[in-house]
Amino acid sequence: MQIKPKKSLGQNFLIDKNIIEKITSFIDLENKNLLEIGPGTGNLTASILKKKPKKITVIEKDRDLCSLLSEKFGQQIKIINDDVLKFNPNEYKNNKFIVFGNLPYNISTEILVNWIINLKLEPWFSDLFLMFQKEVADRIIANENTSKFGRLTIISKWRLDIKKLFDVSPSCFYPEPKINSSVLHFTLKKNYIKFKKNRNIEIVTKTFFNQRRKMIKNPMKQLFCDYIELAKDLDIDLNLRPQNISLDNYYKIIQKFEELRN
Ligand code: SAH
């Protein structure tokens with residue numbers, strides 16, 4: 001079957017054998033349940049299958065690609081022809097997945113944020129090995145006091161430990177994207193601050209980062225009547241900008257926000 005990449009589905013297929021093997025080499029496969037997001041033509045899938053995982057499930061939105069994958073791999077993989085954003089992983093909590101994939105870049109942050117916000121007490125995955133566009137990966141792993149530090153950092157680092165594995169250049173894909181990519185490895189944090197409603201992390205960070213270049217006095221005032229006192233308690237300077245507030249303080253601010261709305 002002749003496959004013409006669809007731009008609307010963010011289809012940039014990995015074709016570089018070295019990079020495919022490099023990604024595969026990082027994943028500890030033995031006896032693991034694997035879940036691939038957006039397998040495309042199955043280049044990465046084939047490399048993973050060679051290492052004989054216990055089970056591999058793939059989610060692919062493109063029906064043509066699903067037929068191709070089914071022809072290519074037969075019973076070796078379980079194919080779910082669906083939108084990953086509609087897929088409810090919490091139904092699968094009894095078999096913890098190792099998730100991997102070269103994500104469709106137009107929805108990569110939405111996928112990650114949804115997964116984190118919807119994590120239950122018993123998470124449905126142990127590891128994520130995901131490819132993002134480099135600019136997005138840099139925002140996910142950003143440090144405090146840098147211009148990349150923002151909502152995506154605060155949400156990601158809340159539940160996940162994150163390690164950048166390596167960058168991937170445009171020439172490794174067909175068609176070549178205009179941007180560089182990075183592969184990140186995420187594992188679950190053992191300890192994290194619990195919230196009553198995970199969505200509050202989005203509400204609070206949105207309030208702060210809507211005005212990224214302004215002093216945090218404004219968002220603090222918007223969220224809290226006694227913001228001056230709260231700033232004193234947390235030892236934060238109201239003249240700082242959102243990127244200068246530590247992760248820990250953000251999580252404390254969210255907890256405070258929840259306490260006051262009880
Ligand atoms: N992993 C493959 C292809 C990556 S391109 C490779 O490395 O070669 C991104 C893939 O995600 C494409 O196959 C595209 O069809 C699929 N995709 C795009 N949007 C999707 C969605 N909402 N849900 C599931 N898959 C999607």
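**Aromatic pairs and ligand site in a predicted model**

The structure holds 12 aromatic pairs. This is a predicted model, in which local features need pLDDT of at least 70, side-chain atom pairs count only at pLDDT 80 or more, and totals for chains, interfaces and linings use all residues. Residues are numbered from 1 along each chain as its sequence is written, and side-chain values use heavy atoms, without hydrogens and water.

Me: What is the geometry of the aromatic pair formed by Phe-132 and Phe-186?
Reply: Rings of Phe, Tyr and Trp (its six-membered ring) pair if their centres lie within 6.5 Å; planes under 30 degrees apart count as stacked, over 60 as edge-to-face and the rest as tilted. For Phe-132 and Phe-186 the values are 6.1 Å centre to centre and 65° between the planes, and the pair is therefore edge-to-face.

Me: How many residues apart are Phe-132 and Phe-186?
Reply: Phe-132 belongs to strand S6 (residues 125-133) and Phe-186 to strand S9 (residues 181-188); strands are DSSP runs (E, at least two residues), numbered from the N terminus. The pair links distant parts of the chain, its members being 54 residues apart.

Me: Which class has 9 residues in the shell around the ligand?
Reply: The shell also has 6 polar and 6 charged residues. The class with 9 residues is nonpolar.

Conventions: Nonpolar A, V, L, I, M, F, W, Y, C, P; charged D, E, K, R; others polar. Helix = DSSP H or I, 4+ residues; strand = E, 2+ residues; numbered from the N terminus.
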